[in-house]
Amino acid sequence: MARLTGKKINACVFISGKGSNLNSIIKSSRDYNFPLVIKLVISNNKNAYGLKYAKKYGINYKFFSSKKLQKFEKSCLKILKEENIKFLCLAGFMRKLSKNFINNFKYRIINIHPSLLPKYQGLNTHQRALKNNDKYTGCTVHYVSEKIDAGKKILQKKIIINNKDDEEILKRRVLILEHKLYSEAIRLLFRY
Ligand code: GRF
């Protein structure tokens, strides 16, 4: 993906919860060479802990209820346009978006998922990896497509599952990996 030398691309991060990936992207974005500037954070949960990172770094943020998806997407599109946002990162955003919305940002909307996709799309990825006695697990950054967690893969990192790992430990270990992977994938996408 091309960008003008030195000019950062306006991006928005969508969250629903803790926002630790949001925090890591914001931190990366403060680097002069990082391709994105996080101009906006959108949450579909007004109590999302992650909103505190938007506040901390003085980033504009919005809460829109996603109970009615059409209304939610309309509100998002309006502000995304007003803020001239060109790229979207989903980070723990727990709502499926419509095909129409995704098409507005074709190949400009990405997500992070805590599994080695195409394995374990959807929820409870760590529990499923443990149940299947998998040797490895990890995380994947991928383009968002209409089908959940099924868009084209951008970057993936894996770790060995240790005997003593339970769901909580695995979640923590993979999350640490996610924080590195998300920014790495963004840098990779805009390398030219
Ligand atoms: C991460 O594991 C992400 O991969 C998944 O939900 C979790 C969100 O964590 N989609 P956080 O909100 O970024 O801390």
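A residue is called buried when its relative accessible area is under 20%, exposed when that area is over 50%, and partly exposed in between. In this predicted model, Lys 52 has a relative accessibility of 38% and therefore counts as partly exposed. Lys 52 belongs to helix α2, which covers residues 51-56, and together with Lys 27, Arg 30 and Lys 56 it forms a positive surface patch.

Side chains of opposite charge can pair when their charged atoms come close, and the structure holds 6 salt bridges. One of them joins the side chains of Glu 83 and Lys 39, with a distance of 3.6 Å from N to O. Because Glu 83 sits in the loop between α3 and β4 while Lys 39 sits in strand β2 (residues 36-43), this pair ties together parts that are 44 residues apart in sequence. Lys 39 itself is partly exposed, since its relative accessibility is 32%.

Another salt bridge is formed by Glu 184 and Lys 157, whose closest N and O atoms are 3.0 Å apart. This pair links distant parts of the chain, with Glu 184 in helix α6 (residues 167-189) and Lys 157 in strand β7 (residues 153-160), 27 residues apart. Both partners fall into the partly exposed class, Glu 184 because its relative accessibility is 35% and Lys 157 because its value is 23%.

In the salt bridge between Asp 165 and Arg 173, the closest N and O atoms are 2.5 Å apart. Here Asp 165 is buried, as its relative accessible area is 6%, whereas Arg 173, at 24% relative accessibility, counts as partly exposed.

The loop between α3 (69-82) and β4 (87-90) also contains Asn 84, which counts as partly exposed because its relative accessibility is 40%. Computed along the sequence, Asn 84 and Asn 10 are 74 residues apart, yet their C-alpha atoms are 6.8 Å apart in space.

Definitions and conventions: Residues are numbered from 1 along each chain as its sequence is written. This is a predicted model: local features need pLDDT of at least 70, side-chain atom pairs count only at pLDDT 80 or more; totals for chains, interfaces and linings use all residues. Side-chain values use heavy atoms; hydrogens and water are left out. Patches are made of residues with over 30% relative accessible area and no salt bridge: like charges are joined within 9 Å, nonpolar side chains (Val, Leu, Ile, Met, Phe, Trp, Tyr) within 5 Å. Accessible areas come from the Shrake-Rupley method with a 1.4 Å probe; for residues, only the protein chains shown count as cover. A salt bridge is a side-chain nitrogen of Lys or Arg within 4 Å of a carboxyl oxygen of Asp or Glu. Lys and Arg count as positive and Asp and Glu as negative; His and the chain ends are not counted. The place of a charge is taken as NZ of Lys, CZ of Arg, CG of Asp or CD of Glu. Helices (H or I, at least four residues) and strands (E, at least two) are DSSP runs, numbered from the N terminus. Buried means under 20% relative accessible area, exposed over 50%, partly exposed in between (1.4 Å probe, protein chains only).
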